[in-house]
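Hi,

Here is the structure I promised to pass on. Have a look at it first, and then read my notes below.

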Amino acid sequence: MKGRIHSVETFATVDGPGVRFIVFFQGCPLQCLYCHNRDTWDMSGGEEVDSEEIIEQFKRYLSFYRRSGGGMTASGGEPTLQPEFLSELFSKVRDLGVTTALNTTGYVNPDTAEIFLDNTDLVLLDLKVMDRERHRKLTGVDNKKIIEFARYLSAINKPVWIRHVIIPGYTDDREDIQTMVSFLATLDNVERVELLPYHSFGEKKWTQLGCQYPLKGVKPPDRELLLDLADNYASLGVQVTVD
Ligand code: SF4
C-alpha cells in the first residue's frame, strides 16, 4: 500500500525508546501557530511511497533499532490521517521484532484508531492546552476530540507518553497545567510526561512557503521555568522529563 510521506529520519533518539527510524507523514488537521513542520500541512504535498520501500530502508539499520530497544515512530504531520497505511507499515515493523510508536495530536476518532492501534506499541500524545478557546486559537481546532481520544487510550490500556510543548504566553499557564495534571490523574495508562521547550526552528519553513510566522519574537522558555513546571506533574507518580 502507498502512503503520502514528507520524509524519513534514520537515527532519532527522542521520539520513543531506543534508536528510532522516524517516518514523517504528510497532512495535518491542525494548524498550530508554532508548527515546526509547516510544509507537512498540505495533504497533496510530500510524495507517495510504498510501505515496502520504507521497510527496505528501515531494514538497513535494523540491528541498531533491535539492540537499543528502539524501532519505528510515525510522526508528522498527522499519521492518523492515513490509518490503513499506518497500520500496514506498523504491522511489517512488528514482524521484524521491533517496536512501533505513534506520535499524534490525538485528533482522531476511536473508530478510525481501531484500524492501527493493534499494531501500535506506544502512543506519544501531544497535549497542548486544556482551555478550549485557547486551544482553538493555538491550533485551529477544539480539543474535545483529543481529550476523548486520551480517555479512549486509557480505556483500552494503551501505553502513552504525554508530550507538552511549553510556549511562553501560550501553553505555560499554571492553572491550565494544573487542569491538565488533574485530567492525566484520571487516566490509567500514562507512563511518562515529557516537557519540551518551544523553539522557533520552524520559522524558516513558514517564510519559504511565503507565510508569515505567527509567533515571531516569542522566545524559548528558560530551563528554570521548565523545571519549575515539571514539579506540577510530580503528583502523577510517573517519570517526568525535561528536554
Ligand atoms: S500538530 Fe504538529 S504538524 Fe500539525 S500543525 Fe501542529 S505542530 Fe504542525
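Strand 1 (residues 2–12) pairs with strand 3 in the antiparallel sense, over four bridges. One place to look is Gly 3, whose bridge partner in strand 3 is Val 49. Bear in mind that this is a predicted model.

Those two strands belong to an open sheet of nine strands with mixed pairing, in the order 3-1-2-4-5-6-7-8-9. At the edges sit strand 3 (47–50) and strand 9 (239–242), each of which pairs on one side only. On average, neighbouring strands of the sheet are turned by 25 degrees against each other, direction ignored. As a reminder, strands of a sheet pair through backbone hydrogen bonds, either parallel or antiparallel.

Now for strand 2 (residues 20–25), which is where you'll find Phe 24. Is Phe 24 buried or exposed? Phe 24 counts as buried because 20 other C-beta atoms lie within 10 Å, and 20 or more is what the cut-off asks for. Leaving out residues up to four places away in sequence, Phe 24 touches Ile 5, His 6, Ser 7, Val 8, Asn 37, Thr 40, Ser 75, Gly 76 and Gly 77.

Beyond its neighbours within four places in sequence, Val 23 is in contact with Ile 5, Val 8, Ile 54, Met 72 and Ala 74.

Then there's the ligand. Around it are Cys 28, Leu 30, Gln 31, Cys 32, Cys 35, Asn 37, Thr 40, Gly 76, Gly 77, Glu 78 and Thr 105. By class, that shell comes to four nonpolar, six polar and one charged residues.

Most residues other than glycine have a negative phi, and most peptide bonds are trans. The bond from Gly 76 to Gly 77 is cis, though, with omega near 10 degrees. Gly 77 lies in the loop between strand 4 (71–75) and helix 3 (83–95). Asn 157 is not a glycine, yet has a positive phi of about 60 degrees. You'll find Asn 157 in the loop between helix 6 (144–155) and strand 7 (160–166). With 9 C-beta neighbours inside 10 Å, Asn 157 counts as exposed.

Cheers

Note on methods:
Residues are numbered from 1 along each chain as its sequence is written. This is a predicted model: local features need pLDDT of at least 70, side-chain atom pairs count only at pLDDT 80 or more; totals for chains, interfaces and linings use all residues. A residue is near a molecule or strand if its C-beta atom, placed from the backbone, lies within 6 Å of it. Ala, Val, Leu, Ile, Met, Phe, Trp, Tyr, Cys and Pro count as nonpolar, Asp, Glu, Lys and Arg as charged, and the others, Gly among them, as polar. Two residues are in contact if their C-beta atoms, placed from the backbone, lie within 7 Å. A residue is buried if 20 or more other C-beta atoms lie within 10 Å of its own, exposed if 12 or fewer, and partly exposed in between; C-beta atoms are placed from the backbone. Two strands pair if DSSP finds at least two bridges between them. Axes are lines fitted to C-alpha atoms, for helices over the stretch in contact, and angles run from 0 to 180 degrees between N-to-C directions.
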